[in-house]
Amino acid sequence: MDIIHPIQWFPGHMSKSKRKIHDDLKYVNLLVEIIDARIPISSRSPAFMGSILKPRLMLMNKSDIADPIFTTDWLVFLKKDNIQALAVDCKSGKGLDKFIPKVNELLRKEIAVWQNKGMGGRRIRIMVVGVPNVGKSSFINRMADGKRAKVENRPGVTKENQWFLAKNNIEILDTPGILSPKFEDQKVGENLAFVGSIKDKILDIEIIAKKLLKKLLDLYPNLLKKRFNLKEYHLSDETADNFEQKELRIDQIFHSIGQKRGMILPGGKIDTHRTANMLLDEFRNAKLGRITLERSAEASKESE
Ligand SMILES: Nc1nc2c(ncn2[C@@H]2O[C@H](COP(=O)(O)OP(=O)(O)OP(=O)(O)O)[C@@H](O)[C@H]2O)c(=O)[nH]1
Ligand SMILES: [Mg+2]
């Protein structure tokens, strides 16, 4: 079953934004792709893979709320794949001290050519791209000298390309978040929904929250147990269950979580909508702990 309808997540303005981004590529020296360190496969920008012949740098953002072991794994994996990447946290600025030295390294040849032509002081132009809500504007604000970009915790905040002057003689172009027109793999859509890159109003929040719960039960049962005081469940002992049993159990645990938080409707039923929103919110804000939903081993399998 499709959890999100393609037309709803790729509205007309997104294809217009994508065209505008491609038009503006000719003005830039470097492409910075920001991904979400919690879902490094699903948050890649499909529109910017392959074909674009520009030096590029990947920033694994939100590394403060991703599982540090897997972020390190990912950096090793990307390096082997010849992808230049840095782990950063644009909320606090952690990791960004490596950004300017990396830009200078990646643009060494271009800068040498400019210097030979007596244009050593030329401004470096950088374009920032990424899926919605990944932290593009937060990155710009960390680097910007003066004017600030609008940042909010919801997808679709930046509406059009906008230039910002940054320190170190750099100009940065902020762009609106772009999704793939069609997700070949529903898992990509789900992961983007979990982290808040797809507008909640076009999602079935309860289905998404239960899918997240299922994933967390597989990957981080102890964090769930601790956060929601689920001591009556043997959460790590899931392997023996068949599919129906598993689904039933997820439903049960979901209801337990709602009950423990007192999310009860008049009449005594669990308020499943509020429970779903709370679960998603707590995951998105790392209340459960630092979590990474996609591991580099999955990427290795895909490229085999
Ligand atoms: N924990 C954490 N939160 C971050 C980080 N970077 C950005 N955020 C938060 O993520 C949310 C989205 O940030 P934005 O900078 O608006 O994201 P964007 O990619 O510009 O989003 P759109 O313009 O909607 O595509 C905000 O609530 C930020 O505070 C980070 O490194 N760590
Ligand atoms: Mg933005």
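How do α8 and α10 lie to each other: roughly parallel or roughly perpendicular? The first view answers this for a predicted model.

**View 1. Helices α8 and α10 cross at roughly 105°.** Their axes come within 10 Å. Angles of 65 to 115 degrees count as roughly perpendicular, so α8 and α10 are roughly perpendicular to each other. From α8, the contact is made by Ala209, Lys210, Leu213, Lys214, Leu217 and Asp218. Helix α10 (residues 243-260) brings Phe243, Lys246, Glu247, Ile250, Asp251, Ile253, Phe254 and Ile257.

**View 2. The largest nonpolar core holds 75 residues.** Val32, Leu59, Phe99, Ile126, Phe139, Ile172 and Leu213 touch the most other members. Helix α8 (residues 205-219) gives the largest share of this core, 7 residues. Both domain 1 (6-174) and domain 2 (204-303) contribute residues, so the core lies between them.

**View 3. Phenylalanine 139 and its contacts.** Neighbours within four places in sequence are left aside. Phenylalanine 139 then contacts Ile34, Leu59, Cys90, Leu96, Phe99, Val128 and Ile172. Another core, of 10 residues, lies apart from the largest one. Among its members are Ile35, Met58, Met60 and Ala85.

**View 4. Ser137 and Thr158 coordinate the magnesium ion (ligand 2).** Ser137 uses OG and Thr158 uses OG1, at 1.9 to 2.2 Å. The pair links distant parts of the chain, 21 residues apart. Serine 137 sits in helix α6 (residues 136-143). Threonine 158 sits in the loop between α6 and β5 (162-166). Are these residues buried or exposed? Serine 137 has a relative accessible area of 7%, so it is buried. Threonine 158, at 17% relative accessibility, also counts as buried.

Definitions and conventions. Residues numbered from 1 in each chain as written. Chains lettered and ligands numbered in written order. Predicted model: local features only at pLDDT ≥ 70, side-chain atom pairs only at ≥ 80, totals over all residues. Heavy atoms only, no water. Core = buried A, V, L, I, M, F, W, Y, C linked by side-chain atoms within 4.5 Å. Buried < 20%, exposed > 50% of the residue type's maximum accessible area, 1.4 Å probe, protein only. Helix = DSSP H or I, 4+ residues; strand = E, 2+ residues; numbered from the N terminus. Domains from an automatic or database assignment. Contact = heavy atoms within 4.5 Å. Donors = N, O, S within 2.8 Å, 3.2 Å for Na, K, Ca; no water. Axes fitted to C-alpha atoms, helices over the stretch in contact; angles between N-to-C directions. Parallel < 35°, antiparallel > 145°, perpendicular 65-115°, else oblique.
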